[in-house]
Amino acid sequence: MNDARDERRISLPVLGGVSRRTALKGAGAALGLAAFGAAISPLAHFAETTSLDEFLQKHYKELNEDDKRAIFARLEAETKQRYGAEVHLRDPQPISGVRFGYAINLSLCNGNGRCVEACHRENNHDRDTNQSYIRVFEMPKGTTDLAHGNASYQHDVPQEGKYYLPVQCFQCENPPCVDVCPVEATWQEEDGIVVVDYNWCIGCRYCQAACPYHARRFNWKEPEIPAQEVNPDQGYLSNRIRPAGVVEKCHFCLHRTREGRMPACLEACPTGARIFGNLLDPDSDIRWVLANKRCFVLKEELGAQPTLFYFFD
Amino acid sequence: MTAAATHAADRTDSPVSHWVSYRRFIWRSLVMATDGPLKFYAWMTLLTAVALVGANAWAHQVADGMIITHMTDHVSWGLYIANFTFIVGVAAGGVMMVIPAYLYRDKSMHDVVILGELLAVAAIVMCLFFVTVDLGRPDRFWHLIPPMGRFNFPVSMLTWDVIVLWGYLLLNLHICGYLLYAKYLGRSPTARWYLPFVFVSIIWAISIHTVTAFLYQGLGGRPFWNSALLAPRFLASAFVAGPAFLIVTMFILRRIAGVDIPDRPIQVLVQIVRVTVLINLLMVASEVFTEFYTGAAHSTHARYLYFGLHGHAALVPWIWTAIALNLTSAVLFLHPAAMRSMWLVIAACAAAFIGVWIEKGMGLIIPGFVPSTLHQMVEYRPSLAEWQITAGIWAFGLMIYTIALKIAVPIFRGNVNLAQESRTRTAPPPHHD
């Protein structure tokens, strides 16, 4: 491109009347375009693994039963192809008259971490990063300030002078994460569960910035799970294997709880610290706890109104 | 500008239709955008190379996942959003030329105001790129576009940001495009086709940065950002960084491209920055006082930023560099010689620009996440890919601005216009360098 020195009217033999400057400009542009093509060539792989149907898929709330059937079949086939696992995808709906609530008895919890593991397996989390929706903080007695907590302890439990605080999504009644989502990819269902449409999320992570409780996780890469470890019982809005580049969160195991079963974390808990139930049912265990125990929530002053409560016996 | 008057003589109120003359205008612009001396080609080649490195890194990020960044669930926004925040300010800062030119009818500023408007265009394009590369699923961008998409307006501040950024881009494209085309035709622009847009753009410039601040300051779970001072602070620092960039641009145009820019617009901008740089420092001081004098749990983020916390101190050198640069720039700008010495002003502008880049880039975004909402200490240092993508977007933005100036300056000075074109059909452009 060093033609600036000479003047422009010199014509190349092949190009007839075209000036040398124009010819060089054309060559430069062609070279630039070729370099650009080479630079973005890794996108070809991404385009191959993203089907047109997936690209054009509508928002969850705009899908009819036929759409859902087709999408579920496609996702099941993709899971078979990528993970080698036969899975069954369902979409259980909220039950009218049910609003879920959760309570954890911190006097019983001993930090054994079974809930963390159970969540990891139930929800088809990435094995590589050992992801889970639950983290347990080991806290010194005498404070509830999480600054003194340790979420990565690797020793026998319970330790003298400590108590244990499991943290997961609190399914807030007034969820800040839902407000900030620019594309309505996350919303609160009628039973209070805040869900994510993993096929609609654009991955801006504004919800992660907005959540005061570190409840949301982003898929920094495609999850890796060995075929035999994939949980085949999957909900579309809950534990199906998530694509890369989208946000996910605890969903109170809605594929279980909407069918009368308990969340995986509760079933796994050996201490009986976890109480789950219907806040609208005056005879439920959760209502008994709320009426009889001195319950508290984290960061109550923020006004998000968590529906997961803690209490000490 | 005087050249315009000479050409007015042979102006024949456009015998050709807009259909023809506008096409010729576009073609002429394309030719001017790609013509230049060796140093122009060298500069553009360098920028292209950097932009291509960025494009390649981004392609890998899309293909392999954002795992190649060093962002985590704890620090979920990083270098991209830090740069985005800063560049929105630069875009808004261009308005500091528009206000003197149009509200105070400063004639000398009027002649160069297009530099500010074009800067806004280039900066907004960079903003849109920075947001796009931060998306985990850029293929789903259309989810933001109604009616196919679902636009969570007015609840999500991000949707407001989409509207104000695109609006500001279109406003400035229209204003610049119209003024240049009118100039190319040799006509004086018709007020009703651009003046209302100019006045809207002044308010709009304030809005883009206010909305961007609201994005952060509305989050109750992030005490470091949850301050009513954030939006005013953003504006003050924007009115430092934007004018600083423009002052240096004018010096460069003078020295390297030989454009005769008078002292007056530069001095007006220096006088503006003399005030804004102090307002910005005052607000930083006010923020720092509240954080540290109260000393409550809220101050952990500020303590992490300024002094480090529990042995984690990644941002400490950055923020003290920023403070040193901001103070230096304030002193230099306020020095009486700032009205005379080019090098002193350039040094002051560079210090201010970099100081604000750190202060409201990494210095604002990262401490919002450290310690995390559950008080865990996870630090963040950008990965190589993040630096590459960021550099690529900067290079691309500079390419846009260079090309825009390459087209706008000769047209605005009346060196290139339709009448002259018609006389000498395919004559080479006049080189002023």
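What pLDDT does chain A average? The average for chain A is 93, and 95% of the residues score at least 70; pLDDT is the predictor's confidence in each residue, from 0 to 100. This is a predicted model, in which local features need pLDDT of at least 70 and side-chain atom pairs count only at pLDDT 80 or more, while totals for chains, interfaces and linings use all residues. Residues are numbered from 1 along each chain as its sequence is written, and chains are lettered from A and ligands numbered from 1 in the order in which they are written.

**Chain A overall**

- Chain A holds 10 helices and 12 strands; helices (H or I, at least four residues) and strands (E, at least two) are DSSP runs, numbered from the N terminus.
- With a radius of gyration of 26 Å, well over the 20 Å that the globule rule gives for 313 residues, chain A is more spread out than a compact globule. That radius is taken over C-alpha atoms, and the rule is 2.2 Å times the number of residues to the power 0.38.
- The C-alpha trace of chain A spans about 95 × 50 × 40 Å along its principal axes.
- Buried residues come to 42% of the 313 in chain A. A residue is buried if 20 or more other C-beta atoms lie within 10 Å of its own, exposed if 12 or fewer, and partly exposed in between, with C-beta atoms placed from the backbone.
- Among contacts in chain A with a separation of 6 or more, 61% join residues 24 or more positions apart; two residues are in contact if their C-beta atoms, placed from the backbone, lie within 7 Å.

**A four-strand sheet in chain A**

- An open sheet of four strands runs in the order 10-2-12-11 in chain A, with mixed pairing. Two strands pair if DSSP finds at least two bridges between them.
- Strand 10 and strand 11 (295-296) of chain A are at the edges with a single partner strand each, so one side of each is left without a neighbour in the sheet.
- Even so, let us look at burial: five of the five residues of strand 10 (residues 274-278) of chain A are buried, so this strand is largely enclosed by the rest of the structure.
- Strand 2 (residues 100-105) of chain A pairs with strand 10 of chain A in the antiparallel sense over five bridges. Here A:I104 has A:R274 as its bridge partner, and A:G101 stands opposite A:G277.
- On to strand 12 of chain A: strand 2 of chain A runs parallel to it, joined by four bridges, and A:Y102 has A:L308 as its bridge partner.
- Strand 2 of chain A is mostly covered, with five of its six residues buried.
- Strand 11 and strand 12 (residues 308-311) of chain A form an antiparallel pair over two bridges, in which A:C295 is partnered by A:F311.

**Chain B overall**

- Chain B has 16 helices and zero strands.
- For 433 residues, a compact globule would have a radius of gyration near 22 Å, and the 23 Å of chain B agrees.
- The C-alpha atoms of chain B fill a box of roughly 75 × 55 × 40 Å along the principal axes.
- In chain B, 47% of the 433 residues are buried.
- Of the contacts in chain B between residues at least 6 apart in sequence, 78% join residues at least 24 apart.

**Nonpolar cores**

- The largest nonpolar core has 205 residues, of which B:A91, B:L118, B:C127 and B:A352 touch the most other members. Such a core is a set of buried Ala, Val, Leu, Ile, Met, Phe, Trp, Tyr and Cys residues joined through C-beta atoms within 7 Å.
- Helix 6 (residues 107-134) of chain B gives the most to this core, with 19 residues.
- Leaving aside neighbours within four places in sequence, B:A352 is in contact with residues including B:V240, B:A244, B:V277 and B:S329.
- A second, separate core of six residues includes A:I71, A:A85, A:V87 and A:L89.

**Where the chains touch**

- The contact takes 52 residues from chain A and 47 residues from chain B.
- Helix 1 of chain A makes the largest contribution to the side of chain A that touches chain B, with five residues.
- That side of chain A divides into 34 nonpolar, 10 polar and eight charged residues. Ala, Val, Leu, Ile, Met, Phe, Trp, Tyr, Cys and Pro count as nonpolar, Asp, Glu, Lys and Arg as charged, and the others, Gly among them, as polar.
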